[in-house]
Amino acid sequence: MRKLAFGYSTRCTIRCAHCVASGDHPNSIKMDHETAKGLILELARAGVGGVSFSAGEPMLYRNEIGELVKLCRHSSIYTRIVTNSFWARTDEVADQLVAELKENGLCQLRLSFSRWHQQHVSRDNILRAAQSCRKIGLEYFVSFITDFSEEDDPYEQYLRDHGLTFFPEPVIYAGRAESFDRRKIFTDYQANCCEMNPYLTPDLHMYGCCDAGSHFSETNFFYLGSLNDTPLEQLFRKSETDPMFTLIRTMGITNIASYAGMSGREIITYSKCELCRQLFNSPETLSRLRAEVHKLSAWRR
Ligand code: SF4
Ligand code: SF4
């Protein structure tokens with residue numbers, strides 16, 4: 001099933017120090033609403049079954065996003081909104097807005113939480129938003145962005161103390177977080193296959209991956225093209241048929257890194273997206289891998 005991260009606007013209510021989405025856009029941009037409505041119908045025709053409204057803070061445009069969610073519902077597209085919960089200031093407001101989202105047909109709310117977000121938005125907002133979801137029957141989960149430092153322990157404990165459904169996710173050292181010192185993490189020697197859902201920006205550029213992919217500025221590896229001059233179907237097909245993207249999905253980034261010459265000891269110090277950046281944001285490594293893609297495909301157990 002095709003899925004898409006839909007960047008309606010890069011505007012946000014806050015300015016997190018680690019933000020990937022807004023890092024390159026000091027001047028926020030927003031998609032034209034009529035264009036967005038037309039696009040939802042086009043996505044449905046292209047067989048897209050899931051749309052995640054992300055980028056800046058979608059709830060800043062809650063009426064417009066609400067209309068887009070409704071359109072998705074009519075087209076049987078699963079929807080998710082990623083939000084920092086700035087709007088959940090009181091129990092009443094949280095209940096009212098969650099009920100409105102549910103009525104529009106929203107399938108899931110993803111609540112962003114981290115020590116960087118919570119410098120600007122009270123953690124109680126996250127709790128209120130989650131509690132309203134439970135009360136009203138809207139699926140939610142908390143996305144807990146962390147660099148796995150001890151500093152984050154009290155944040156994780158808060159989520160546990162309140163019995164919230166949450167999933168830790170590694171901070172991505174891109175956008176504003178580019179200047180952070182990268183913390184080495186030590187993972188299992190796992191495959192790191194990546195589903196790679198494309199990301200559409202408010203100015204209609206499409207990238208092959210929805211996380212750090214639009215920030216591979218040395219190679220523009222994930223750039224698929226612009227809807228201003230290329231049909232949607234063609235951009236999806238490009239994402240689905242690129243041989244290197246296929247290997248990321250099937251063989252995983254760890255095996256590609258090993259093939260490229262990185263030692264196992266070094267590989268396990270990287271999170272998935274960081275490892276991906278090491279390989280595909282390096283013009284030399286990328287051109288070598290592209291040239292050897294058939295040999296690389298045969299590099300299997
Ligand atoms: S809430 Fe999200 S989009 Fe807004 S600044 Fe923070 S990380 Fe970026
Ligand atoms: S691992 Fe690579 S392809 Fe997957 S989300 Fe991260 S940057 Fe994108």
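Two residues are taken to be in contact if their C-beta atoms, placed from the backbone, lie within 7 Å. The legends below describe a predicted model.

**Figure 1. Surroundings of A130 in the nonpolar core.** Leaving aside residues up to four places away in sequence, A130 touches L111, Y140, V142 and L164. The largest nonpolar core has 84 residues, and A129, A130 and V142 are the members that touch the most others. At least three residues of this core come from domain 1 (2–183), and at least three from domain 2 (244–297). In soluble globular proteins, nonpolar side chains tend to be buried together.

**Figure 2. The protein as a whole, for orientation of the close-up views.** The protein contains 12 helices and 9 strands. Its C-alpha trace spans about 60 × 45 × 35 Å along the principal axes. The radius of gyration is 19 Å, in agreement with the value near 19 Å of a compact globule, because the chain has 301 residues. Of these 301 residues, 43% count as buried. Among contacts between residues at least 6 apart in sequence, 74% join residues at least 24 apart. The domain assignment gives domain 1 (2–183) and domain 2 (244–297), and the centres of domain 1 and domain 2, taken over C-alpha atoms, are separated by 30 Å.

**Figure 3. The shell around ligand 1.** Ligand 1 has 12 residues around it, of which C12, C16, C19, A21 and N84 come nearest. Sorted by class, this shell holds 5 nonpolar, 5 polar and 2 charged residues.

**Figure 4. The shell around ligand 2.** The residues surrounding ligand 2 are C194, M196, C209, D211, A212, G213, I248, I253, K272, C273 and C276. Helix α10 (residues 272–280) supplies the largest share of this shell, with 3 residues. By class, the shell around ligand 2 comprises 8 nonpolar, 1 polar and 2 charged residues.

**Figure 5. Helix α8 and its packing partners.** Helix α8 covers residues 253–260, and I253, T254, N255, I256 and A257 within this helix are buried. I253 also belongs to the residues that surround ligand 2. The buried residues of α8 pack against α7 (243–250), α9 (264–267), α10, α11 (283–291) and α12 (293–297). Just after α8, G261 adopts a positive phi of about 115°.

**Figure 6. K135 in helix α4.** The view shows K135, which lies in helix α4 (residues 123–136). K135 counts as partly exposed because 13 C-beta neighbours lie inside 10 Å, whereas a buried residue would need 20 or more and an exposed one 12 or fewer.

**Figure 7. N220 in the loop between β8 and β9.** N220 is placed in the loop that runs between β8 (205–207) and β9 (223–226). With 13 C-beta neighbours inside 10 Å, N220 is therefore classed as partly exposed. N220 and C133 are 87 residues apart in sequence, and their C-alpha atoms are 38 Å apart in space.

Methods:
Residues numbered from 1 in each chain as written. Chains lettered and ligands numbered in written order. Predicted model: local features only at pLDDT ≥ 70, side-chain atom pairs only at ≥ 80, totals over all residues. Near = placed C-beta within 6 Å. Helix = DSSP H or I, 4+ residues; strand = E, 2+ residues; numbered from the N terminus. Nonpolar A, V, L, I, M, F, W, Y, C, P; charged D, E, K, R; others polar. Domains from an automatic or database assignment. Core = buried A, V, L, I, M, F, W, Y, C linked by C-beta atoms within 7 Å. Rg over C-alpha atoms; globule rule 2.2 N^0.38 Å.
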